[in-house]
Amino acid sequence: MKPKYLSLFLILFFLKSFSQTPISLENAYERAIQNNLNLKSGQLKVDYQNRIQNSALAIDPLNINAEIGQINSAYVDNAFSVNQTLRLPKFYKTQKQVLTEQWKNAMLGLDVQKWQLKREIALVYNNLNYLDEKQKLLKKADSIYSNYYKRSEIRLKAGESNILEKTTAEAYRSQAEIQLQSLMKDREISLHQFNYLINDGEIYGNEKGSFYLLNLDFDENFSGNPTVLSQLEHQKNIENARLEAEKAKLLPSFNLGINSTTMKGNGSDDKYYNGTHRFQSGLVGVALPVFNSAQKSLIEGQKINQQIAENNYDIAVRDFKNRYAKTYGEYQKLKSEIDYYKTKGLKNAQTIMFTADLLSKEGEINYLEYTILVNQSLDIQNRYIDAQNNLNEKIIELNTLKNK
């Protein structure tokens, strides 16, 4: 076996040894949603935001102080005090609202990740189908040039042609083999990416036959991807909640406490003369944010963040509409090209191939004319497959923008 044939055989054997399990695009989505590592990280972010909900109710530490020594007289006394700082309920409510909005945003972010994953899988799946179609065409070319090479050998031995015809046939056949080997490597890479996205522990491959079956669900009133826009809309809620939380920091806080101390010697009550007695008192204080220029600066800055969130939403809506219109225009151009191939192009390619083969066998055209005609027919079929692949990518993009 020649080295180049051996190399091709090893590639084919290696790909088959994967034991790929065919899987539909819909099932690939489902398995990826269950196992994709990026989605698992997104879910952990949701869990984290959920766990820290109660941190909004964090109370300042209880302050406990103790004293011992000559506090009131030459005698040794002891004293202790306990005080606690509390804020108004509105402060804790606004902090809670910020955390709640962040938790909701994490869930919406997970939905955006799923949307992006769905698009990636669809594109990789289509690429696998595309490479399958290219493989069929290259095998067809290899078969044509192999037969042509065999005929040229016979003609050379019979003295009906020269060595140049045989060499040309071998060169075209070798070129088809090299292209096929390169395509196998490309498919191996796409297959690895496909299974990386699914992350199921199994080796999956695409189901055959869906390359020409994608349909567009066109929306004349498209206004943006609902998943992404929902997250951007919610970002405005987060900024609003943060603004209220910053404003709440200007509210006064309260300090409640008690003091207890002993007093030896002459005290305020003569009956405890030369004795020991413990005296108690209560404490109520108010902390007023008098020097609040720094906090007011934060509030003004947060108002700008609100405007940024509003602007980001408007930009996203305009961007989605522009992308949809631009992609749909490209889709229409490719659709016209595909219609041509289906109605005329492929039929012409078949006619050219059939006629070239017939005239070559009858000796009415030389090897140069034959190869030109065969390459022209193969080129038409190849451009049809490329156009269909580009059309499929536009369909996937348009459907994904609609979250379909």
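Let me start with strand 3 and strand 5, the latter covering residues 253-264, which run antiparallel and are joined by nine bridges. If you want a place to look in this predicted model, take leucine 86, whose bridge partner in strand 5 is phenylalanine 254. Strand 3, residues 77-87, also pairs with strand 2, residues 63-69, again in the antiparallel sense and over seven bridges. In that pairing, asparagine 63 has asparagine 83 of strand 3 as its bridge partner.

Before going on to the helices, a word about confidence. The chain has a mean pLDDT of 87, and 91% of its residues reach 70 or more. Over residues 1-17, however, the pLDDT is below 50, and this stretch has 17 contacts in the model beyond near neighbours in sequence.

Now to the helices. Two packed helices are described by the angle between their axes and by the distance between those axes. For helix 6, residues 226-248, and helix 7, residues 293-361, the angle is about 170° and the axes are 9 Å apart. Because that angle is over 145 degrees, helix 6 counts as roughly antiparallel to helix 7. The contact of helix 6 with helix 7 is made up, by class, of 11 nonpolar, seven polar and eight charged residues.

Is alanine 309 buried or exposed? Its relative accessible area is 4%, so alanine 309 is buried. Not counting residues up to four places away in sequence, alanine 309 touches Gln235, Lys236 and Glu239. Alanine 309 and asparagine 240 are 69 residues apart in sequence, while their C-alpha atoms are 9.7 Å apart in space.

The contact of helix 2 with helix 3 has four nonpolar residues, two polar and one charged. On the helix 2 side we find Ala32, Ile33, Gln34 and Asn35, and these meet Leu37, Leu39 and Lys40 in helix 3.

Let me stay with alanine 32, which has its place in helix 2 and is buried, at a relative accessible area of 0%. Which residues is alanine 32 in contact with, leaving aside its neighbours within four places in sequence? They are Leu39, Leu117, Ile121, Leu197 and Ile198. Going by C-alpha atoms, alanine 32 is 8.9 Å from asparagine 195 in space, although the two are 163 residues apart in sequence.

My last stop is asparagine 199, in the loop between helix 5, residues 163-198, and strand 4, residues 204-206. Most residues other than glycine have a negative phi. Asparagine 199 has a phi near 55°, a positive value in a residue other than glycine. Its relative accessibility is 28%, so asparagine 199 counts as partly exposed, whereas alanine 32 is buried.

Technical notes
Residues are numbered from 1 along each chain as its sequence is written. This is a predicted model: local features need pLDDT of at least 70, side-chain atom pairs count only at pLDDT 80 or more; totals for chains, interfaces and linings use all residues. Side-chain values use heavy atoms; hydrogens and water are left out. Axes are lines fitted to C-alpha atoms, for helices over the stretch in contact, and angles run from 0 to 180 degrees between N-to-C directions. Helices (H or I, at least four residues) and strands (E, at least two) are DSSP runs, numbered from the N terminus. Angles under 35 degrees count as roughly parallel, over 145 as roughly antiparallel, 65 to 115 as roughly perpendicular and the rest as oblique. Ala, Val, Leu, Ile, Met, Phe, Trp, Tyr, Cys and Pro count as nonpolar, Asp, Glu, Lys and Arg as charged, and the others, Gly among them, as polar. pLDDT is the predictor's confidence in each residue, from 0 to 100. Contact means heavy atoms within 4.5 Å. Two strands pair if DSSP finds at least two bridges between them. Buried means under 20% relative accessible area, exposed over 50%, partly exposed in between (1.4 Å probe, protein chains only).
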